[in-house]
Amino acid sequence: YDAADEDYRGALALSREHGLPGSAVTACVGLGAVCLERGDLTAAAQWLGEAERLSAEASDERGAAQTHYIWGLWYETEKDWDGALRAYGLAVERWRSLGARAEAIEATAGVMRVLLAQGQGVAAYTLAEDVLAHLSEHGPARLDEPLRLYWTIYRTLHFMRQADAARQLLDMAYLLLQRQAEDLTPQQQHRFLAEVSINRAITAAWQQAQQSGG
């Protein structure tokens, strides 16, 4: 997170120096995401507010969509389900208008997580078809956060008692997690596997499935 924070701050400084508002929005969104992962919701909200302001000034639809998505994660962390649904819904709408299918799929997964959190597993499942179709066609290659998306689909299938399909998604998520970790140093691997909440959840669920034999 320290390295990411430094990189985004450097990118923000350069974008301001060279008058690149789109790049400034992306940097602010990145800083907001880093703060969110660190648990600093106040700082995250400040950076996302700045990204929102800059994207509006520059009429940057892509930047606005990025900002809405991270706001969705912010509201989700706060368990503000109405706010999360609104933010994710705006992200889906904007990404679709831009023809950015992969990004729209990730935002759709955000809607699914909120529905699951509200006990609306059937409603979440109705959105799973498009997400699964995208994974079947493209795999994780075009996704910014494939592990978060895999975990969302796994939880949805698990809720619907589709044990075989859920286990298949969990195996795919765990395999991808291991592939992402294999080029890291031992210290980096520990942080990646133990300190990132989604990665911890995938590992724990996979180990439990291995122990139970299903």
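**Loops, aromatic pairs, core and pocket of the predicted model**

S59 is placed in the loop between α3 (41–57) and α4 (61–77), where helices (H or I, at least four residues) are DSSP runs numbered from the N terminus. The model is a predicted one, in which local features need pLDDT of at least 70 and side-chain atom pairs count only at pLDDT 80 or more, while totals for chains, interfaces and linings use all residues. Residues are numbered from 1 along each chain as its sequence is written, and side-chain values use heavy atoms, with hydrogens and water left out.

Although S59 is not a glycine, its phi is positive, at about 50°. Most residues other than glycine have a negative phi. With a relative accessibility of 60%, S59 counts as exposed (over 50% relative accessible area; buried is under 20%, with a 1.4 Å probe and protein chains only). R161, in the loop between α9 (146–159) and α10, is a residue other than glycine with a positive phi near 60°. R161 counts as exposed, at 76% relative accessibility.

Six aromatic pairs were counted, a pair being rings of Phe, Tyr and Trp (its six-membered ring) with centres within 6.5 Å, and stacked if the planes are under 30 degrees apart. The ring centres of Y174 and W206 lie 3.8 Å apart with planes at 5°, so this pair is stacked. Because Y174 belongs to helix α10 (residues 163–181) and W206 to helix α12 (residues 197–212), the pair ties together parts 32 residues apart in sequence. Both Y174 and W206 are buried. One aromatic cluster is formed by W71, W74 and Y75.

Not counting residues up to four places away in sequence, L170 touches W151, Y154, I202, A205, W206 and A209, contact meaning heavy atoms within 4.5 Å.

The largest pocket is lined by 44 residues, and Y1, E37, E145, R148 and V196 lie nearest its centre. On a 1 Å grid over the protein atoms alone, a pocket is an open set of points where a 1.4 Å probe fits, with protein on both sides within 12 Å along at least five of seven lines, and lining residues have an atom within 4 Å of a point. Helices that each supply at least two residues of this lining include α1 (2–17), α2 (21–38) and α12.

Definitions and conventions. Phe/Tyr/Trp six-rings, centres within 6.5 Å; stacked < 30°, edge-to-face > 60°.
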